[in-house]
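Here is a friendly note on the charged pairs in this structure. Have a look at the model first, then read through the points below.

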Amino acid sequence: MRFIFIYSLIFIYFFKGASVRADLSAQIADRVTVEQDLQLILQESKLPNGLIQLGKVTFLPSGGNHVVADCSKPGVMRLNIYAEKQEWSSTFYWGIHHLGFLFPHPRMQLNPGAQQLMGHCGQTWGWQPRFLQRGFHLHTEHPNEWVKGFLEGDREIAVDFIRWLARNEQNIFEVVLLRDISKENLSRFFDFPFHLAHNFGILNGISVSIEMQQQKSAHLVDPRVFETFFWPKHSLDQKLKEILLSIHEYVQVHPIDFDFMSVDMGTTEFTHPSFDSELQLIEGIRKSLELYQKTLFVKVHASMNQFDPSYGQLNFNFLPGLADPRVGVLPHTLMFYGLSDEKAPMYGRKNFSDMLDFMVKQAPIRPTWYYPETSYWVGLDQDIPLLLTDYLLARSTDMDLAQSAGVQGHLTFTSGQGLGYWLFDWTVTLLSSQEYAHDPLIGIKLLGESEEVWQREVDFQHRFFKKNGMISMLDSANLMDELPRPFQEKVHSRHTIPELSRDRRILEAEISQLEVAAEVIPDVSAIRFPELRELLRVTHLRIHHALAIRQALFHLRDDEKEIYLTQAYEFRNHALGIMAALVIDYNPYPSAHVFDEFLPNPTSYAFGYLWPARVLHFWEREEKMISEENFDSPFFMNIFNPFSIIF
């Protein structure tokens, strides 16, 4: 019977006519679910139960979403909603937001007082989203809280995140699937949070690769890296059949209630099969998903130098632009670099102007969601740690560009919200509203922080970290940067410690630039949120540390080397004290063990994603490279297992 069923699927796949793409805007929130969430909000606020109520909900044909604070009944505020069906719950939470309830982090709620609350009686607030779809890609290929919450079944973490999405007017999210988690377990772990998301009007997505091997990504086609007589590579027809059966398993055998699937192309981020076969595989996935009324999105990665002579100058990553117009695209940018930045030296790029051009051209043709990172993680931001305020600027400017291009959705790549990175993710949610458009400091203002104090920090970082390229001196080289050619693949353009040891001219230039920045570091003592203030202090200490490291390297052959190494150690020791306090006071997910050095988990990394930050691993590595004059081995104090990452 199983074979008869499989062949019937294949028959339908090949002979079924075109059908209408599933409407990704059609998920409508459930009133009871929203009312229950309102009670949880009131309980957390310590305000009287029933003080705020969800009033009447009137559906409008299009536009004009607004919420009215009705206090006609003494001692009670009823929020009456007038909105499009798919926006009614976001309109309600927009009212909750304007009453003074803020949700910067899934486990952080800021509340108004009862008197302040009732002062809003009779007010009306309009809700105008900038994008039809808005939400987050949870990058569970990195060992973060989302791995524990979604891939390992910690329901409280998953549910808190779903509520955070709804309370911040978001309506999409996706989770990356890993191949070491069985489909049976995924079905079980996702059942409750995905059902809850639908009840909030949120669309669910899953992310897999077509046949990519790296970082334990789940794949639709078994990647056969080593072709042998006993294990030959699949033919195209075999791959298409395997795709059909894989999707059938996700939908029917071990069902996950997802609305869309996004896929990674290629065999790795930097290698690819033939252009022709990849386009046929994309079409095969689209048709297979269409059998179940689900939508396909293809990620448009930022890697370069992948061409096929028969396709001219077309980069492999832009192939989805040639696919059926029902195939959606996710144009991607990296780190804190934006679409309009003149310089974005990632993956051998000059900038992302080609990605912007692709997005502008595709938006009128097919479903297009902008897909930027608010955390890169691998030696660039959170794990150093650096609290990089240019994420605020880049996301704001990019959202302006995406909106002006008519882009339908905004899917933010997040590696986790630890060590202050909740500020960047939360600010993205705020910028989803037309009311807060063009204001990168809106989150800072709502937290009651001094705009003047923060603006000085933002201006400082933008000038030195981004415009002057100093970020390349503060982040850290990883294994890919230091491997010998042809294996070397620099994720971010930088001069590594070994390179600096061989070129005094470049070394002197970096010392000079760091000295100038160190003289004008802004004062952050007036920042109210201790977590953010202390993380900025660590970021500033990293400037001093990077300078001392280079001064020690400059004096490698004289007695001053030890003087500067001692300075570097003292800066690191100071920062370690700050980090120790932060780990104690700001660890919202103790069950996820994200600060632990040894952490069994299904990713390619054997430690929690914030462990390198807790111990300042990359700082210490640079000190020891110089003290031991170990400039030749890329594996010196290496924490990344290349075999686990590749295979």
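Which side chains meet in a salt bridge with an N to O distance of 3.2 Å? The side chains of Asp475 and Arg494 do.

1. Before going on, a word on the source: this is a predicted model, in which local features need pLDDT of at least 70 and side-chain atom pairs count only at pLDDT 80 or more, while totals for chains, interfaces and linings use all residues. Residues are numbered from 1 along each chain as its sequence is written, and side-chain values use heavy atoms, leaving out hydrogens and water.

2. A salt bridge here is a side-chain nitrogen of Lys or Arg within 4 Å of a carboxyl oxygen of Asp or Glu. By this rule there are 34 salt bridges.

3. Asp341 and Lys466 form one of them, at 2.8 Å from N to O. This pair links distant parts of the chain, 125 residues apart: Asp341 sits in the loop between strand S12 (328-333) and helix H10 (353-362), and Lys466 in helix H14 (residues 451-467). Helices (H or I, at least four residues) and strands (E, at least two) are DSSP runs, numbered from the N terminus. Both Asp341 and Lys466 are buried, meaning under 20% relative accessible area, whereas exposed is over 50% and partly exposed lies in between (1.4 Å probe, protein chains only).

4. Helix H14 also holds Glu452 and Arg456, four residues apart, about one turn of the helix. Their side chains meet in a salt bridge at 3.3 Å, N to O. Glu452 counts as exposed because its relative accessibility is 57%, and Arg456, at 39%, is partly exposed.

5. Back to the opening pair: both Asp475 and Arg494 are buried.
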